[in-house]
Amino acid sequence: MNLTFYKYQGTGNDFVIIDNRKQLLTKNNTKLFRRLCDRKFGIGADGLMLLEGPTDADDDFTMVYFNADGAESTMCGNGGRCLVAFAAFIGVIDTIATFTAIDGKHHAEIKDGLVHLQMQDVPAIETHSTHFFLDTGSPHHVALVDDVKTYDVVTHGRAIRNGAPYFEEGTNVNFVTPAEAADTFTVRTYERGVEDETLSCGTGVTAVALAMHSKKMLTASAVKIFTLGGELQVTFETIANGYQNVFLIGPARQVFKGEIEC
């Protein structure tokens, strides 16, 4: 079978996207998904997404996300933004979208070339002596470091991802340093499932923004985050028991379209 695919990237976080509304692929084909994401023997990507038909009458589509290791995963923020851009490209939506992912319902809008993706509310942030831990659709460990630009993200990230208290389930690991401008940070992320540093992580950037706010390192409810792959923004509202109306904002670009024999 020749499979049509699309390659998208959001601040360097890259994805294979397949229109699966006709159910050409089954979700248990993990070996195929792993091969398609392989940068030597496949297309190459941090993850793979299937755009499927809606299961809820209020939705425009369903998002199904797989990590590069082929396993179905938790929410991917940059992936969600790319899937919204893809849905607009193939005419499923115009500029406004409602869709369901593994962590629930999301709303999104394309404005001025940027995709604004509403993330899940975050009711709690765990504060520890060396780090923060929170779930923004995916679990995230957030640690401040003196200079993230020179930090050994892979070595330290891998050790934390596999160590206590995360062990087999693991976590994504974010290292952050305040930038010179107020309400601005530089972030690098080690992603589970990819098992390496990625150029950007949307749920990670969201986690960093909320963690820095909880530490009172922000003066506003809008945060600018620099990643290796580019710039993202996070906006949010504070409530008594956490954060709501959390939006991840940034570009999503189609890189190419192709066919691959499966």
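Me: Why does Phe86 count as buried?

Reply: This is a predicted model, in which local features need pLDDT of at least 70 and side-chain atom pairs count only at pLDDT 80 or more, while totals for chains, interfaces and linings use all residues. Residues are numbered from 1 along each chain as its sequence is written, and side-chain values use heavy atoms, with hydrogens and water left out. Buried means under 20% relative accessible area, exposed over 50%, and partly exposed in between (1.4 Å probe, protein chains only). Phe86 has 0% relative accessibility and therefore counts as buried.

Me: What makes Tyr8 and Phe86 an aromatic pair that is edge-to-face?

Reply: Rings of Phe, Tyr and Trp (its six-membered ring) pair if their centres lie within 6.5 Å; planes under 30 degrees apart count as stacked, over 60 as edge-to-face and the rest as tilted. For Tyr8 and Phe86 the values are 5.9 Å centre to centre and 80 degrees between the planes, so the pair is edge-to-face. Tyr8, at 2% relative accessibility, counts as buried. Ring pairs also link Tyr6, Tyr8, Phe86 and Phe89 into a cluster.

Me: Why is the pair of Tyr8 and Phe86 said to tie together parts of the sequence?

Reply: Helices (H or I, at least four residues) and strands (E, at least two) are DSSP runs, numbered from the N terminus. Tyr8 belongs to strand β1 (residues 2-10) and Phe86 to helix α2 (residues 77-89), so the pair ties together parts that are 78 residues apart in sequence.

Me: What makes the pair of Phe15 and Tyr65 edge-to-face?

Reply: The centres of Phe15 and Tyr65 are 6.1 Å apart and the planes stand at 70 degrees, so the pair is edge-to-face. Phe15 counts as buried at 0% relative accessibility, and Tyr65 counts as buried at 5%.

Me: How do you know that the buried residues of helix α3 are on the same side?

Reply: The buried residues of α3 (residues 153-162) are Val153, Gly157 and Arg161. They cover an arc of only 45 degrees around the axis, which puts them on the same side of α3; the arc is that of the directions from the helix axis to the C-beta atoms. What covers these residues includes β11 (172-178), β12 (184-191) and β13 (196-198).

Me: Why is Cys201 called buried, and which residues does Cys201 touch?

Reply: Cys201 has 4% relative accessibility and therefore counts as buried. Contact means heavy atoms within 4.5 Å. Not counting residues up to four places away in sequence, Cys201 touches Asn13, Asn78, His140, Thr189 and Glu191. Cys201 lies in the loop between β13 and α4 (202-214).

Me: Which residues touch the most other members of the largest nonpolar core?

Reply: A nonpolar core is a set of buried Ala, Val, Leu, Ile, Met, Phe, Trp, Tyr and Cys residues joined through side-chain atoms within 4.5 Å. In the largest, of 50 residues, Phe61, Met63, Val142 and Met212 touch the most other members. Helix α4 gives the most to this core, with 7 residues.

Me: Why is Lys216 called exposed, whereas Asn245 counts as partly exposed?

Reply: Lys216 has a relative accessible area of 75%, so Lys216 is exposed. Asn245 is at 31% and therefore counts as partly exposed. Lys216 is found in the loop between α4 and β14 (222-227), and Asn245 lies in strand β16 (residues 242-250). Phi of Lys216 is near 65 degrees, a positive value in a residue other than glycine.
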